[in-house]
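The sequence and the model come next, followed by notes grouped by topic.

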Amino acid sequence: MSHRAYNFNAGPGPIPEQVLQQAQKEMFNFQHAGAAVMELSHRSSLYESIHFAALKQIREILSVPDSFDILFLQGGATLQFSMTAKNFLPEGKKAGFVLSGSWSEKAMKEASFFGEVTEIASTKSNEYRSIPEVNLREQDTDCAYIHLTSNNTIYGTQWKTLPEKGTKPVIIDMSSDILSRPVNWEHIDLAYAGAQKNAGMAGVTIVIARRSFLESAEGNVPPSLSYKQHADKDSLYHTPPTGAVYITKLVTDWIQDLGGIKAVEERAEKKASMLYETIDQSEGYYTGHAEKSARSLMNVTFRLPSEELEEKFLQEAKEAGFMGLNGHRSVGGCRASIYNAVPVEHVEALCRFMKQFQHTN
Ligand code: PMP
């Protein structure tokens with residue numbers, strides 16, 4: 001392929017072209033250092049300037065209060081499933097999970113290795129087409145914390161607004177919608193996300209946590225798994241994924257250039273509504289998996305009238321330069337992931353392709 005694909009991958013996904021071009025320009029000799037960023041010591045002032053600028057810009061973009069720490073960790077969102085439990089699930093208490101898809105199930109399973117877990121709401125019985133209705137103000141007093149997933153990458157559903165918290169701390173997996181909309185931190189104690197969808201490349205995991213919550217952690221946590229340890233050392237307790245942090249820094253520059261989080265959110269709404277309109281106006285040819293009220297602005301999941309047509313659709317889409325339109329292997333069907341870096345024009349091209357395919361098939 002001589003040009004860049006229309007990239008609708010679910011993650012890792014596309015990175016803004018401006019970011020790739022900047023990284024390419026700086027790859028051999030970053031700011032006259034005579035080396036690439038990923039060849040610099042993580043203790044050098046040049047690397048530190050990138051590291052702290054990335055942290056600062058995430059704080060600005062998401063209006064993260066001063067009472068929260070922002071961390072750059074490794075191990076993906078998956079390690080956070082365990083790390084949250086290791087830090088915050090004491091003996092005799094339970095971790096409460098709101099199940100809205102496979103990733104919430106995985107989070108609950110990992111946590112069960114550290115202590116007792118309990119399901120407090122689930123939409124599994126309707127194939128995760130909707131978001132559970134749950135009132136966190138009325139939850140089991142045994143729960144040490146409550147965990148939920150803000151956007152369900154596989155099923156294509158999303159909390160329109162996150163629930164108000166009650167007395168229990170709230171932990172949120174924001175892997176597939178971080179940096180796509182403003183966040184009300186009042187109702188969150190810890191949020192985490194791998195960078196590889198909206199915030200850069202795989203390798204760095206962003207954690208945003210209330211400092212008082214981090215300080216309430218269990219005492220028997222090894223330093224490498226202790227949020228407090230990483231926070232105390234400004235995420236430089238050990239070698240951070242320097243190249244990935246650098247890309248995240250460039251992504252935050254790009255978000256600022258776009259006009260900040262409100263502009264990003266408007267763009268996401270525009271792209272999603274183009275695709276959902278194409279589905280809704282197809283007279284039943286394309287059917288969305290998610291109930292309308294739960295539709296994700298990040299992952300648009302849909303089916304065609306038959307599996308044969310889905311196969312043909314995916315094959316022809318591939319030939320036309322579209323990448324990553326297959327649904328997750330566990331559910332099949334089609335999925336267009338329209339993270340921040342997907343240009344509006346690529347979504348327009350996909351809508352045209354879908355209409356044309358319907359017309360001829
Ligand atoms: N949670 C959600 C909602 C996800 O979409 C993913 C990855 N697709 C994960 C967790 C796992 O993330 P990682 O691969 O970074 O461990």
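Aspartate 234 is partly exposed because 16 other C-beta atoms lie within 10 Å; a residue is buried if 20 or more other C-beta atoms lie within 10 Å of its own, exposed if 12 or fewer, and partly exposed in between, with C-beta atoms placed from the backbone. This is a predicted model, in which local features need pLDDT of at least 70, side-chain atom pairs count only at pLDDT 80 or more, and totals for chains, interfaces and linings use all residues. Residues are numbered from 1 along each chain as its sequence is written.

**Backbone features**

- Most residues other than glycine have a negative phi, and most peptide bonds are trans.
- Aspartate 234 has a positive phi, near 50 degrees, although it is a residue other than glycine.
- Aspartate 234 sits in the loop between α6 (227–232) and α7; helices (H or I, at least four residues) and strands (E, at least two) are DSSP runs, numbered from the N terminus.
- Histidine 32 also has a positive phi, near 60 degrees, and lies in the loop between α1 and α2.
- Histidine 32 counts as exposed because 7 other C-beta atoms lie within 10 Å.
- The peptide bond that joins glycine 11 and proline 12 is cis, with omega about -5 degrees.
- Proline 12 belongs to the loop between β1 (6–7) and α1 (17–26).

**Overall form**

- The protein chain has 10 helices and 14 strands.
- The radius of gyration of the protein chain is 21 Å, close to the 21 Å from the globule rule for 361 residues, so the chain is as compact as a globular protein of that length. The radius is taken over C-alpha atoms, and the globule rule is 2.2 Å times the number of residues to the power 0.38.
- Along the principal axes, the C-alpha atoms of the protein chain fill a box of roughly 65 × 55 × 30 Å.
- Of the 361 residues, 46% count as buried.
- Among contacts in the protein chain with a separation of 6 or more, 69% are between residues 24 or more positions apart; two residues are in contact if their C-beta atoms, placed from the backbone, lie within 7 Å.

**Domains**

- The protein chain is divided into domain 1 (18–257) and domain 2 (259–360), with bounds that come from an automatic or database domain assignment.
- The C-alpha centres of domain 1 and domain 2 are 27 Å apart.
- On the domain 1 side, 24 residues are in contact with 23 residues of domain 2.
- That side of domain 1 takes at least two residues from each of β6 (151–152), β7 (157–158) and α7 (242–258).
- The residues of the side of domain 1 that touches domain 2 are eight nonpolar, 12 polar and four charged. Here Ala, Val, Leu, Ile, Met, Phe, Trp, Tyr, Cys and Pro count as nonpolar, Asp, Glu, Lys and Arg as charged, and the others, Gly among them, as polar.

**Ligand surroundings**

- The residues around the ligand include Gly11, Trp103, Thr153, Asp173, Ser175 and Ser176; a residue is near a molecule or strand if its C-beta atom, placed from the backbone, lies within 6 Å of it.
- Helix α3 (residues 76–88) supplies three residues, the largest share of this shell.
- By class, the shell holds two nonpolar, eight polar and one charged residues.

**Annotated residues**

- An unreviewed UniProt entry lists Ala77, Thr78, Trp103, Thr153, Asp173 and Gln196 under "binding site". UniProt positions are given in the numbering used here, feature names are shortened, and annotations may be inferred rather than shown by experiment.
- Threonine 153 is in the loop between β6 and β7 and counts as buried because it has 25 C-beta neighbours inside 10 Å.
- Leaving out residues up to four places away in sequence, threonine 153 touches Ala10, Gly11, Trp103, Ser175, Ser176 and Asn299.
- Glutamine 196 is in the loop between β9 (190–194) and β10 (205–210).
- The unreviewed UniProt entry gives "modified residue: N6-(pyridoxal phosphate)lysine" for Lys197.
- Lysine 197 is found in the loop between β9 and β10 and is buried because it has 30 C-beta neighbours inside 10 Å.
- Not counting residues up to four places away in sequence, lysine 197 touches Gly11, Gly13, Ser175, Ser176 and Tyr339.
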